[in-house]
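Please keep the structure open while going through them.

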Amino acid sequence: MQQNLKSDLTKQLIIDEAFKLFYTNGFKTTSIDKIMKETNLSKGAFYHHYKSKKEIGLEVISLKVQKRVVEGMILPLNEPGNAVDILENVFITRLNGFSVYEKKHGCPMNNLINELGDHEGAYQKALKNIIDLWKKTLVALIERGIKEKSIKQEIPSDAVAIHLISAFEGIRGIRKLYDNDAVLQTFLSGLSIYLKQLKA
């Protein structure tokens with residue numbers, strides 16, 4: 001039992017440090033040696049738990065990146081209340097809540113999409129699963145808003161969902177280019193106007 005706990009803690013340490021390095025330095029430039037240096041573990045410890053960098057990359061996506069998106073952007077969409085108010089609250093609150101470090105480094109998922117999205121089928125599938133879940137949850141909220149007459153009947157839920165995801169991920173990337181929040185605040189003003197146009 002104690003050995004299993006130690007093994008789980010070692011895996012968690014590797015995943016946590018790999019995520020930090022992928023986020024800060026990029027996936028392709030982060031070697032197994034760099035991950036091991038940050039964990040103070042041997043290479044043997046890594047290969048005891050993971051066969052390759054690809055395997056740890058997929059674990060990071062499923063256990064760290066997906067968790068961030070689910071907790072920050074997906075679960076709050078299931079709250080009761082006016083659909084447009086929920087959309088506004090989730091997107092605007094999340095964007096305003098990022099730390100300076102997170103603003104500087106952008107969205108971990110978007111960074112991986114840009115770095116690996118056209119590179120490897122397994123990564124594409126893992127990242128696409130997150131986007132698909134996000135989109136599905138947004139569509140359900142928008143359609144609930146249409147049914148409850150808080151959103152205009154003619155609004156195409158699929159199109160709005162993809163637009164909101166793309167806009168959110170886009171501004172996370174653009175914000176990396178600036179040393180202040182001016183561009184982010186301009187985006188938030190535009191987002192607020194767009195969401196008001198959805199109202200019935």
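Predicted model: local features only at pLDDT ≥ 70, side-chain atom pairs only at ≥ 80, totals over all residues.

1. Residues are numbered from 1 along each chain as its sequence is written, and side-chain values use heavy atoms, with hydrogens and water left out.

2. Helix α5 covers residues 83–97; helices here are DSSP runs of H or I with at least four residues, numbered from the N terminus. At the start of α5, Asn82 places a side-chain oxygen within 3.0 Å of the backbone nitrogen of Val84.

3. The buried residues of α5 (buried means under 20% relative accessible area, with a 1.4 Å probe and protein chains only) include Val84, Ile86, Glu88, Phe91 and Leu95. The buried residues of this helix pack against α4, α6, α8, α9 and α10, where contact means heavy atoms within 4.5 Å.

4. Ser157 is found in helix α9 and is buried, with a relative accessible area of 8%. The side chain of Ser157 makes a polar contact with that of Glu143 at 2.9 Å; such a contact is a pair of N or O atoms within 3.5 Å, and within protein one must be able to donate a hydrogen and the other to accept it, with residues adjacent in sequence counting only if both atoms are side-chain atoms.

5. Rings of Phe, Tyr and Trp (its six-membered ring) pair if their centres lie within 6.5 Å, and planes under 30 degrees apart count as stacked, over 60 as edge-to-face and the rest as tilted. By this rule the count is 10 aromatic pairs. Phe46 and Tyr50 form a tilted pair, 5.7 Å centre to centre with 40 degrees between the planes, and both residues are buried.

6. Trp134 and Phe168 form an edge-to-face pair, with ring centres 5.7 Å apart and planes at 85 degrees. Since Trp134 lies in helix α8 and Phe168 in helix α9, this pair ties together parts that are 34 residues apart in sequence. Trp134 is buried at 0% relative accessible area, and Phe168 is buried at 3%. Ring pairs link Phe91, Phe98, Trp134 and Phe168 into a cluster.

Methods
Helix = DSSP H or I, 4+ residues; strand = E, 2+ residues; numbered from the N terminus. Expected span 1.5 Å × (residues − 1). Buried < 20%, exposed > 50% of the residue type's maximum accessible area, 1.4 Å probe, protein only.
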